[in-house]
Amino acid sequence: MKKAIVIYSGGLDSTTCLFWALDEFDEVHTITFYYAQRHSIEIDYSKKTLKIAEEIKKKRVFAHYFDIDLSQIGGSALTDKLIEVPKNRSEKEIENGIPITYVPFRNGVFLSITAAMAERFEIENIVGGWNMLDYSGYPDCRDEFLNTFEKAINLGTKAGSEGKRFKILTPLIRMKKSEIILFGKEHDADYSYSYSCYSGDKTPCGECDACILRAKGFKEAGLEDDFLVRLKREGHNST
């Protein structure tokens with residue numbers, strides 16, 4: 001049986017990975033982290049998307065949740081509410097430098113916990129929505145980092161030392177946001193509840209880097225954002 005665990009925040013990228021994984025693997029697990037993030041509302045929305053995915057794919061998803069309070073480390077606008085989330089930056093500004101929304105070594109922390117979970121449930125494939133383009137400059141989204149971490153998991157686990165081979169799968173790694181959206185649609189992805197905004201408000205701000213990159217992606221893909229379509233349908237004002 002082919003098994004995979006998806007690092008699943010409920011955002012656009014991890015939602016795409018979830019729908020892809022449901023097509024590729026016999027048994028799919030997800031792990032969702034509450035890390036005292038400013039936009040923890042994404043967890044509530046992610047549960048709605050999980051139900052939709054199960055209905056569309058007619059397949060159960062084994063959902064796991066893990067609490068780790070990264071606000072104790074702080075140093076990021078996503079985990080320290082005294083630090084403001086940057087707004088209305090140009091695409092050029094977003095492309096240059098590592099923004100204050102970077103959470104120190106978040107993906108390293110998440111990967112370590114996910115690897116432990118994978119070893120516990122005998123899952124060899126770890127899936128994540130990292131991508132090197134439109135990624136806001138986060139160093140722990142790079143191919144080199146992920147390849148190196150895969151080696152570390154295989155060297156540092158009991159299962160790895162006994163010959164099992166863990167793989168970190170990055171189906172989106174070289175895709176632009178628009179390509180990720182179209183790829184997701186090929187796998188029936190429903191983004192009605194996939195939440196990307198850093199603000200944490202019920203209605204996306206439309207001004208943070210995540211909102212800007214998401215809007216650009218849907219525009220280039222020639223599609224309306226499912227999330228905004230749903231808000232309009234429900235009578236909410238959206239940006």
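A residue is called buried when its relative accessible area is under 20%, exposed when that area is over 50%, and partly exposed in between. The exercises below concern a predicted model.

**Exercise 1. A pair of phenylalanines**

Task: Determine whether the rings of phenylalanine 33 and phenylalanine 110 are stacked, tilted or edge-to-face, and state where the two residues lie.

Solution. 
Step 1. The structure holds 11 aromatic pairs. In the pair of phenylalanine 33 and phenylalanine 110, the ring centres are 4.0 Å apart and the planes meet at 5°.
Step 2. Two rings pair if their centres lie within 6.5 Å, and planes under 30 degrees apart count as stacked. The pair of phenylalanine 33 and phenylalanine 110 is therefore stacked.
Step 3. Phenylalanine 33 is in strand β2 (residues 27-34) and phenylalanine 110 is in helix α4 (residues 106-120); the pair links distant parts of the chain, 77 residues apart.
Step 4. Phenylalanine 33 has 5% relative accessibility and so counts as buried. Phenylalanine 110, at 8%, likewise counts as buried.
Step 5. Phe33 and Phe110 form one aromatic cluster together with Tyr35 and Phe66.

**Exercise 2. A second aromatic pair**

Task: Describe the geometry and the location of the pair formed by tyrosine 191 and phenylalanine 218.

Solution. 
Step 1. The distance from centre to centre is 6.0 Å, and the angle between the planes is 85°.
Step 2. Planes over 60 degrees apart count as edge-to-face, and this is how the pair of tyrosine 191 and phenylalanine 218 is classed.
Step 3. Tyrosine 191 is in the loop between α7 (177-186) and α8 (209-221), whereas phenylalanine 218 is in helix α8; the two are 27 residues apart. Both tyrosine 191 and phenylalanine 218 are buried.

**Exercise 3. Charges over rings**

Task: Identify the ring over which the charged end of arginine 120 sits, and the ring over which that of arginine 230 sits.

Solution. 
Step 1. For arginine 120, the ring is that of phenylalanine 121, with the charged end 4.4 Å from its centre.
Step 2. For arginine 230, the ring is that of phenylalanine 227, with a distance of 4.7 Å to the centre.

**Exercise 4. Two helices in contact**

Task: Characterise the crossing of helices α1 and α7 and the residues of their contact.

Solution. 
Step 1. The axes of α1 (residues 12-24) and α7 come within 9 Å and cross at roughly 30°. The crossing is left-handed.
Step 2. Helix α1 contributes Leu12, Asp13, Thr16 and Trp20, while α7 contributes Lys177, Ile180, Ile181, Phe183 and Gly184.
Step 3. Sorted by type, the residues of this contact comprise five nonpolar, two polar and two charged.

Definitions and conventions:
Residues are numbered from 1 along each chain as its sequence is written. This is a predicted model: local features need pLDDT of at least 70, side-chain atom pairs count only at pLDDT 80 or more; totals for chains, interfaces and linings use all residues. Side-chain values use heavy atoms; hydrogens and water are left out. Helices (H or I, at least four residues) and strands (E, at least two) are DSSP runs, numbered from the N terminus. Buried means under 20% relative accessible area, exposed over 50%, partly exposed in between (1.4 Å probe, protein chains only). A charge sits over a ring if NZ of Lys or CZ of Arg is within 6 Å of the ring centre and within 35 degrees of the ring normal. Axes are lines fitted to C-alpha atoms, for helices over the stretch in contact, and angles run from 0 to 180 degrees between N-to-C directions. A crossing is left-handed if the near helix is turned anticlockwise from the far one by less than a right angle, and right-handed if clockwise. Contact means heavy atoms within 4.5 Å. Ala, Val, Leu, Ile, Met, Phe, Trp, Tyr, Cys and Pro count as nonpolar, Asp, Glu, Lys and Arg as charged, and the others, Gly among them, as polar.
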